[in-house]
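Subject: Structure for you to look at

Hello,

Please find the structure below, with the sequence alongside. My notes on what was found follow it.

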Amino acid sequence: MSDPILFFDLKSPARRLRADIEKRLMAILDHGQYIGGPEVTGVEAELAAFTGAKHALAVASGTDALVIALMGEEVGPGDAVFLPAFTYNATANAVLMTGATPVFVDVDRATCNIDPAQLELAIERVVAEGRLKPKMVIAVDLYGLPADYPAIIPIAKQHGMTVLSDAAQALGGGQGNKRIGALCEMTATSFYPSKTLGAYGDGGAMFTDDDARFERWSSIRWHGTDAAKKESIRVGLNGRLDSMQCAVILSKLTIFEEELGLRAAHAARYLANLKGKIAVQTGGPDDRHAWGLFTVMVENRDAVMATLKDQGIPSAVYYSMPLHKHKAFAPHAPAEPLVNCEWLAAHALSLPFHPYLTDEQIDRVSSALLAAL
Ligand SMILES: Cc1ncc(COP(=O)(O)O)c(C=O)c1O
């Protein structure tokens, strides 16, 4: 019998890297700097070099990365933060934790990312209403596909807003000749184990070219203290990433480019099998998808999932509810319907996807999916 098809495969890289990870973890037991060890500055330097951003800061999670970025811009009560309604709940939670108001925006059906035309309309409505100050746009690179930064950034600038990229699902992707982390002025990512660059626990990172912003983030990450860590100069939190997780990420970085290449090859094979027969998330010619997830749109989703399951093929739905329909966020639902978010919530289906799939497995999933439609 052939190997079971896994939705994510977290064990294969652990097997490949085991000796290297053990060596790195043992080195930490020897030097004893469990917090703030050389692994932290080491991973930050490698991440900055990888993305092309001037600064990288390792933090405790992708959620902390978003919160620290918002705090760093002093986002708070009375501010409007625009974000797509089709994303993980962490994006909206981060906004609400600062006391700001999330303004949910519809997405584009093909890219699954925030629709720049809808963003413009949402900003105009907030300006016309006059109750909130447009403060920031959070663009999410859903499933690994970069948002339309060339369109979003000028719209935000025109209204005096900064742009934060929630690239939790997208490290390794890019646009033109730049990588995620260097596509806009602030980027937050996650090292949750199933992400493109996964730790063995929680973790995240932030990227910027701006020295002053980086200083603020570093301070907020360490309880809001000054560089000498003596005086609290602003409100902060414990947003540190520990040396052990940084050691794991340093090890994972040794195979990251190779894994990204495998992701791209597997996505190309799925696309060759499926294109023209089923709707697939699609970006523009300049986009380099990180392929965190491979997502198609199907009409009869529950039946398709059940048929796949019967053949031992896992699949998953990200996300079955747009954020403005969740109890916690419904008070901020816009008056007008977000039709594409609702359509995607009913149709999006993610297929098994990770670097360690075989061609035979990809072909088996593709055939089973097409037969199930
Ligand atoms: C789009 C998005 N934003 C934020 C996060 C939060 O990241 P973390 O789980 O590392 O806090 C996630 C994690 O799944 C995510 O997918």
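I start with helix 11 (residues 339-347), where Asn 340, Cys 341, Leu 344, Ala 345 and His 347 are buried. Buried means under 20% relative accessible area, exposed means over 50%, and partly exposed is in between, with a 1.4 Å probe and protein chains only. Helices (H or I, at least four residues) and strands (E, at least two) are DSSP runs numbered from the N terminus. The cover over the buried residues of helix 11 includes strand 3 (101-105), strand 12 (294-297), helix 10 (301-310) and strand 13 (348-351).

Two notes on the source. This is a predicted model, in which local features need pLDDT of at least 70 and side-chain atom pairs count only at pLDDT 80 or more, while totals for chains, interfaces and linings use all residues. Residues are numbered from 1 along each chain as its sequence is written, and side-chain values use heavy atoms, with hydrogens and water left out.

Next, the cysteines. A search of the whole structure finds zero disulfides (pairs of cysteine sulfur atoms within 2.5 Å).

Now the nonpolar cores. A nonpolar core is a set of buried Ala, Val, Leu, Ile, Met, Phe, Trp, Tyr and Cys residues joined through side-chain atoms within 4.5 Å. The largest has 45 residues, and Leu 47, Phe 82, Leu 119 and Phe 191 have the most contacts inside it. Helix 2 (residues 38-51) gives the largest share of this core, five residues. Not counting residues up to four places away in sequence, Leu 119 touches Phe 82, Val 105, Ile 114, Val 137, Ile 152 and Ile 155; contact means heavy atoms within 4.5 Å. A second, separate core has 44 residues, including Leu 70, Tyr 143, Met 206 and Phe 329.

Last, the ligand. There are 16 residues around the ligand (a heavy atom within 4 Å of it), and Gly 62, Thr 63, Asp 166, Ser 190 and Lys 195 come nearest. Oxygen atoms of the ligand lie 2.6 Å from an N or O atom in the side chain of Lys 195, 2.7 Å from a polar side-chain atom of Ser 190 and 2.9 Å from a side-chain N or O atom of Gln 169. Taken alone, the ligand exposes 390 Å², and the protein buries 91% of that; these areas come from the Shrake-Rupley method with a 1.4 Å probe.

Regards

Conventions:
A polar contact is a pair of N or O atoms within 3.5 Å; within protein, one must be able to donate a hydrogen and the other to accept it, and residues adjacent in sequence count only if both atoms are side-chain atoms.
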